[in-house]
Amino acid sequence: MKKTVLDYALKIRLPLTLFVIAFSFVLTYYISRAERDGVGYSPDQPINYSHKLHAGKMAIDCQYCHIGVEKGRHALIPSVNICMNCHTVSRKDKSEIIKLTQYYEEGTPIPWKRIHKVPDYAFFNHSVHVNKGIECESCHGDIKEMDKVSQVRQFTMGACLECHRNAHDNLPYLEKVNKGPEHCWACHR
Amino acid sequence: MNDSSKTNNVLWKSIEGLNNDPNIQKMKEDEFLDGVTEDFHPNQLSGISRRKFLALLSASAAITATACTDYQDKGEIIPYNKRPQEVLPGTENLYASTCNGCSLSCGILVKTREGRPIKIDGNPDHPINEGKICTKGQASILNLYDPERLKEPLFNNRKISWNDVDKNIIEVLESAVQKGKEIAILTGELTSPTTKKVFDKFSEKYPTTKIYSYSTINQSTRSKAWFECYGSYEFPSIKFDEANVILAIDSDFLVNEDSYLENMRLFTKRREVVGKTDFNRLYVAEGRMSATGMMADYRIRVSPDEQYNFVMSLVNELSKKGSNIEFDPVTKSMVSSFSINNFSKKIGKEKLNYLIDDLNKSRGKSIVYAGSTLSKEVHLAVNLLNEVLGNSNLYNYLNESVVILPQSSREDFDRLIDSMKNGNVDVLIHFGSDPVFYLPYDFEYQSSISRVKTVISLSESLNESCSLSHYVLPLNNQLECWGDSFVQTGVYGLQQPVISPIFNTRQKESILLTWISGSSSNFSSDNYHKFLIENFTQTVYTKLNSFSDAKRVWLSSLHDGVVTLKNVEKLHKKISQSWIPLLKLAKENSGLTVHLTESYFIGDGYFANNGWLQEVPHPITKVTWDNYAALSPLTAKKFNLKNDDIIEVSVSNSKIKIPVFVQPGLSDKTINIEYGYGRKVIGDVGKDIGINPLQLISKNHFETKNILTNASINKIDGTHKLVTTQEHHSLDDTFVKDFHKIRKIIQEGTVEKYQKDPKFLHEHKHELFSITNEHTYSGNKWAMAIDLNKCTSCAACVASCNVENNIPVVGKDQVGKGREMHWIRIDRYFSGSPEDPIASNQPMLCQHCDNAPCENVCPVNATNHSPDGLNQMVYNRCVGTRYCSNNCPYKVRRYNFFDFRDHFADEYYQNNLTALVNNPEVTVRSRGVMEKCTFCVQRIMDVRSTAINEGREISPNEVVTACQQACPTNAITFGDANNPDSNVAKLRNHNLTYHVLEELNIKPNVTYIAKLRNTHSEDNS
């Protein structure tokens, strides 16, 4: 039987093309998974604030600014009046502080770019985690070394459950730690 | 056969059900009502509306725009600039205030999140309502976020600035005074002494001012009767908890009349099954069927126009057996002309003898209480009867009613309208009132209003009076207001704003204060606040004898929301008998009697635009979104009427056309119509809902109030579909005939039986076993217990659940298809004959069964069980097969056939303003998912996180669900069944507990406490 061009296309070219397409899709899907989940996201902020300087070098306690973290669901981005506790006197001549002071005096809030986010159907509570002794770094990465904050870990349900199921492995610094709850209404309601 | 099963043998839900109506049978066979699954033909749907088209357009634009931006972008996070010290985002704040929903002025606690109010509950420190608030109060939060609130001041329907308003009106007021023309202020019932003071100042500044007060819900007949008997308009409250026998005369004192939250609490203190069963006995003599009537141990059908004769013949009968007071000779002869024999035929000798016997035996420990819709004569007779029985020691003089501004009389209004017609009234101010809707039609108020030069309406939303006014001035909602209240002696309530005015509105007192100041520039937003503090310092602070300074006392009082003033109990006065000779045997009326009662949920019409309240099913008939003329089955038969027929009700010269609802238990002479409906000028939700029966009241009825005798009815063509949820979500099974009877959904007994044999309920219990191993719950296990002895079917739980759990309003057409979304419903069953039924109520909600049948049929595992015993529902997993609802024996699962916020009344509640009412702790469900009661999992998780944060265990009764918090009688108990110290664990082991459909062995976690009736026999009568 005569081999036609069509035969060749159907038997060799088509499966090959399909395989390449599928393979590259799967490959891209897995490689880009972390990025699609926001890992490495590090947007420019309206004020060039450095956690490395404040939390790292000057070792200011996280809760000096993130006042809600022990009390409620949200850690809270500090309101400008907290910044002004120090910056009414310190480094008033720096350009970023001038910007900050301007925000404060005009009474407009600072539109920080959001970096970490769980979907709104998940009700994450900071306080229960922090009060159990889990350190901020366990989820947010080594903030003390970041000039500009970026997302280090995934914030997916899989990531939550990984830690809830294997708390000992993920939080080796905690001697007494139970597994976290795994039922639906622990987070969704 | 045991007795409880005997009662159950005749359990029925509606007359149609009792008569085996084929439609009802079909309804029970089918999972969904007719037409529910068939209306999804795309070509039958309405075309895309302009709004929808624009929404689609902007959505597609938004999608395109997002595609071009950074896909990792998560938006902005915007903290406060200067954070208010008390606001911590994500945590709630509670503020004590006072409710303005009606004249009871209950203390409330408003829950706010990030500065916006999201829930109203009762203030536990308030001595009258003790932490509870009624259905209306619960749902009133929606009024704050009503999209059709007035937002700007209007002059002849055009926007105008407040400054111009003040300037113009001050000019008008001054010129009126100069010309000596009257300035009339019409207000509703006044509860605030400080507002009264503002009125006084206003009259001082503008001396031609006259103030009129009128409200359809009032205590004027009770108050006047009290005056004639004891020389004081201020009547005491009643110690219902000390009464062994209570006779309610056409009074809904437990659910919708007078100080009902307090009454309910006191009454159910004597319905406690834990410990000694020291039950009171409730007799209700009424023409209509009220929620209080459903609670009665003995219900006696007496038409309201016969009540006077009835009470007087009781006086006669009981005074023969001895009297606590000496009768004057005139009184004696008067009283003896009333004979009980007329009634023993109608009521039945047995019931009447029980009543007379009980009242006689519990002299000094019983109370007779008349409804506030009854005429003065009945109240006089009731006062006399209580004196004959020596019941005056149950009067609580420590908490007397306070009259701040008495109701204006008929003569006052006649005078006002005459001067309006003669052009002697220059300015008319509707001070938050709506006289065009409420005043009797033949005052001709509406037509005389055009003769007044300037008409000013102060209102929160448009009403009938606004449409005839020159100036329409928008008012603050109650949650944006300062204020105080003094409705019972000894209790002074304070009201504080919990949110700053959302729109360009002002507080009504503040508007008057600006006009008093004489210049528009004198307005400041805190003028009434200052005035209130000043008045507090002068009048309340001085009485407190406090060592702290006035400011500190003010702030601490504001924090508590209520100040308890020391009060000296007045001595009981002797009853005057001078009024008795004026009274004669009331004439027997041959015609029908119309009894107008206030709507249970929308009040006098103030709440008509509140979708949540319109949709709460009526406690007895379960009708939503309508009012109707309730007729007894016999009367309906006589006139050849059935449900939904339209009749014309005529009383003297006025007529209304209204649909019929056949109501078992009504007296054959009575037509019961609820008012508050039929508003013509109001928001889209309440407009033209129902019929306004106030049109029947003429000014001649100003004294006799809501009882209209000699009415006639005739059937007219056409029908109006009334939507009732009564037969929806029935616990039924086509294969089991007479399901309720066999499956013992309602189990009851009598006090006598229970005392003889506490375990009578469990006599015929079967041992249940399971072929699989039982799951053990090692940690918490959440469970609920509902005490049916205490449930009055007031539906506060339903409203509270709606607010807490973001339950949408679906509208009348959707309720008609059985698509109401309430997570908790109150099932009402009747037993006995349709003429004189016995009612049983049962709140029904998700039972969180241990072996939940819904769980194993879900193909996607969207509903499953949590380790703490909750039946979880995961919205994101749900694909909407509705198998779970099909398999649920209790029929408590609700399916979102639409995104109801989008679907109801052309997206009425789908806007940025109304979105603020949503509880941020609960997901707002969209179309296509199943939902149901969660046992308020958000509250469980909140308590749990607090316990974790504080490093302790959850204490036994720490979690309080929304329905439990709202329940005025504490019929609902919630807690950890695994903790033996919790109330719920104790109740689960009580002798009277049972589970509904226990024999399915699905192990429900809602335990019911069987109702005991305090009748004279071991049998339910």
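Two strands pair if DSSP finds at least two bridges between them. Helices (H or I, at least four residues) and strands (E, at least two) are themselves DSSP runs, numbered from the N terminus. The model discussed here is predicted: local features need pLDDT of at least 70, side-chain atom pairs count only at pLDDT 80 or more, and totals for chains, interfaces and linings use all residues. Residues are numbered from 1 along each chain as its sequence is written, while chains are lettered from A and ligands numbered from 1 in the order in which they are written.

In chain B, strand β24 (residues 645-651) runs antiparallel to β27(B), with six bridges between them; Ile646(B) faces Ile716(B) in β27(B). Strand β27 (residues 707-719) of chain B is also joined by three bridges to strand β21 (residues 592-598) of chain B, again antiparallel. There, Val594(B) has Leu708(B) as its bridge partner.

Twelve of the 14 residues of α12(B) are buried, a residue being buried if 20 or more other C-beta atoms, placed from the backbone, lie within 10 Å of its own. Among them are Tyr308(B), Phe310(B) and Leu314(B). The cover includes β10 (245-249), β11 (281-286) and α16 (376-388) of chain B. After α12(B) comes Gly322(B), with a positive phi near 120°.

Chain A is divided into domain 1 (5-31) and domain 2 (51-77 + 112-186), with bounds from an automatic or database domain assignment. Their C-alpha centres lie 43 Å apart.

Key:
Two residues are in contact if their C-beta atoms, placed from the backbone, lie within 7 Å.
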